[in-house]
Amino acid sequence: MKNGNKVVLIGDGFVGSSYAFSLINSGLATELAIIDIRKDKELADVNDLLDATVLTSSATIVKRGTYEDCKDCDLVVLAYGNSQKNLKNRLDDIKIASEMVLDTIPKVVEAGYKGVILLATNPVDVIARVVREVSDFPYEKIVGTGTSLDTARFAQYLAIETGFNVSDINAYVIGEHGNSSVAVWSNANINGIAIDKFIKNIDDTYKDKVGDLIRDKAFRIIKGKGATHFGIANCLLAFTRAILLDEKKVLMASAYLRGEYKNEGLYTGVPTVIGKNGAEKILEMPIDDREQKMFDASCKALKENFLLADLGYNN
């Protein structure tokens, strides 16, 4: 009988290694298998992480992985991608990331894995759909980190502006994790009290300004140190916990729309119940007319961007 949880991490760059470090400190996994095309980096991180496990409360077995490890694992996590240093737009990475999916996902499937595939590979909404097409898994089994990081940045901004603890801020970002993301001001609140009770003169100009700040934060971080990885690593960890522990937790995931929010046929960031089966249910929160128009435009752009993946059988 199998004991504990086994995670296979594919992609051991900035995001992957930061996630791996967060994972071994969480105690969620008893075993972590790491796969990367850079074998020297893969081995170095395995050894470094093994050293780190000595002082954790629940030691994780960390090892160099192969795709055969997917056969009996509980979760596959994709964290590969192109270098962020020269990134001006997350959509620039579509073709490169799609090629990586075409190289890796068939190997995961051939190993006999049938569970949830969690990914942070950008552009995450488009690549979630690419992974679904290549794997032919049920739509709910493919889960992207969506707008979870955007939502964290929105909540953080509002906490600083109002002086409240960020844990008391309820504010969300939907749509693309990228240029067309939509901050939902219409139901933003602090423990149930509308945000406009704490911030005055929230007009469309102010909303657009904050939206730009949220979207551009990644590029400011990349400019300073070459990559963003700590924030998204902890987002991945939150999804990992929800899946492995079957928490039924609402997270802002890249989930597949079937008419929710008046859109269908794409993955995008929406509040989603995450559990052992992946994206188990999409929750529809009220949004105003302006937000709906912005969300519609975001969905339209994502559908068009999916065609850039050039899989040869897009539908």
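A residue is called buried here when its relative accessible area is under 20%, exposed when over 50%, and partly exposed in between, with a 1.4 Å probe and protein chains only. By that scale histidine 177 is buried, because its relative accessibility is 6%. Histidine 177 lies in the loop between S7 (169–174) and strand S8 (182–190), where helices (H or I, at least four residues) and strands (E, at least two) are DSSP runs numbered from the N terminus. An unreviewed UniProt entry places the feature "active site" at His177; UniProt positions follow the numbering used here, feature names are shortened, and annotations may be inferred rather than shown by experiment.

The model is predicted, so local features need pLDDT of at least 70 and side-chain atom pairs count only at pLDDT 80 or more, whereas totals for chains, interfaces and linings use all residues. Residues are numbered from 1 along each chain as its sequence is written, and side-chain values use heavy atoms, with hydrogens and water left out.

The structure holds 8 aromatic pairs, meaning rings of Phe, Tyr and Trp (its six-membered ring) with centres within 6.5 Å, counted as stacked when the planes are under 30 degrees apart, edge-to-face when over 60, and tilted for the rest. One of them, edge-to-face, joins phenylalanine 164 and phenylalanine 198 at 5.1 Å centre to centre, with 75 degrees between the planes. The two residues are 34 residues apart in the chain; phenylalanine 164 is partly exposed at 36%, as is phenylalanine 198 at 30%. Ring pairs also link Tyr139, Tyr256 and Tyr267 into a cluster.

Charges over rings (NZ of Lys or CZ of Arg within 6 Å of the ring centre and within 35 degrees of the ring normal) include these:

| Charged residue | Ring | Distance to ring centre |
|---|---|---|
| Arginine 129 | Phenylalanine 306 | 3.8 Å |
| Arginine 132 | Tyrosine 139 | 4.1 Å |
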